[in-house]
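Here's a quick briefing to read alongside the model. Have the viewer open as you go.

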Amino acid sequence: MVTVQSDSNPNKFYYVTISSCTCPDFVYRQAKIGGKCKHMLKLFGVMKPKRLSNEVIEFFKDGVSCHEAFEKYGVKLDILLEHNLIVKVGVDKYYLL
Ligand SMILES: [Zn+2]
């Protein structure tokens, strides 16, 4: 579990794990729709495309098959897809946007 300070209130702290957060966005919104709040995304470091590592960018450069992508990045791929950082083309290729 990681403790994160609130952006809007420096006296407030949230407790973040891979699958939950105590912030209002997660508790009242994301939890109900299976989403993730910004604190959870920060833990994965893929909030914005510019924060993707060079390794990830290089890997997706020419598109990768679903199999390759899941093999290498597993859960990270779900997050990339969820935030429209990558697109799935046809039945079996992923491309970085
Ligand atoms: Zn949160």
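What follows covers the overall layout, then the strands, one valine, a helix and the cores.

This is a predicted model, where local features need pLDDT of at least 70 and side-chain atom pairs count only at pLDDT 80 or more, while totals for chains, interfaces and linings use all residues. Residue numbers start from 1 along each chain as its sequence is written. The protein chain has five helices and five strands, taken as DSSP runs numbered from the N terminus (helices H or I, at least four residues; strands E, at least two).

**Overall layout**
- Along the sequence, the elements of the protein chain come in the order β-β-α-α-α-β-α-α-β-β.
- The protein chain has 97 residues, and 18% of them count as buried; that takes 20 or more other C-beta atoms within 10 Å of a residue's own, with 12 or fewer for exposed, partly exposed in between, and C-beta atoms placed from the backbone.
- Among contacts in the protein chain with a separation of 6 or more, 40% link residues 24 or more positions apart; a contact is two C-beta atoms, placed from the backbone, within 7 Å.

**Strand pairing**
- Strands β3 (residues 64–65) and β5 (residues 93–96) run antiparallel, joined by two bridges; a pair needs at least two DSSP bridges.
- Serine 65 has lysine 93 in β5 as its bridge partner.
- β4 and β5 are also antiparallel, with four bridges between them.
- Tyrosine 95 in β5 sits opposite valine 87.

**Valine 89**
- You'll find valine 89 in strand β4 (residues 86–89).
- Why does valine 89 count as exposed? Because it has 10 C-beta neighbours inside 10 Å.
- Leaving out residues up to four places away in sequence, valine 89 touches Gly63 and Tyr95.
- Valine 89 and glycine 63 are 26 residues apart in sequence, but their C-alpha atoms are 9.0 Å apart in space.

**Helix α1**
- Helix α1 (residues 24–33) is hardly covered, with one buried residue among its ten.
- Glycine 34 follows α1 and has a positive phi, near 75°.

**Nonpolar cores**
- The largest nonpolar core is made up of eight residues: Val56, Phe60, Val64, Ala69, Leu77, Leu80, Ile86 and Tyr94; such a core is a set of buried Ala, Val, Leu, Ile, Met, Phe, Trp, Tyr and Cys residues joined through C-beta atoms within 7 Å.
- The elements giving two or more residues to this core are α3 (54–60) and α5 (75–82).
- Another core, of six residues, lies apart from it and includes Cys21, Cys23, Cys37 and Met40.
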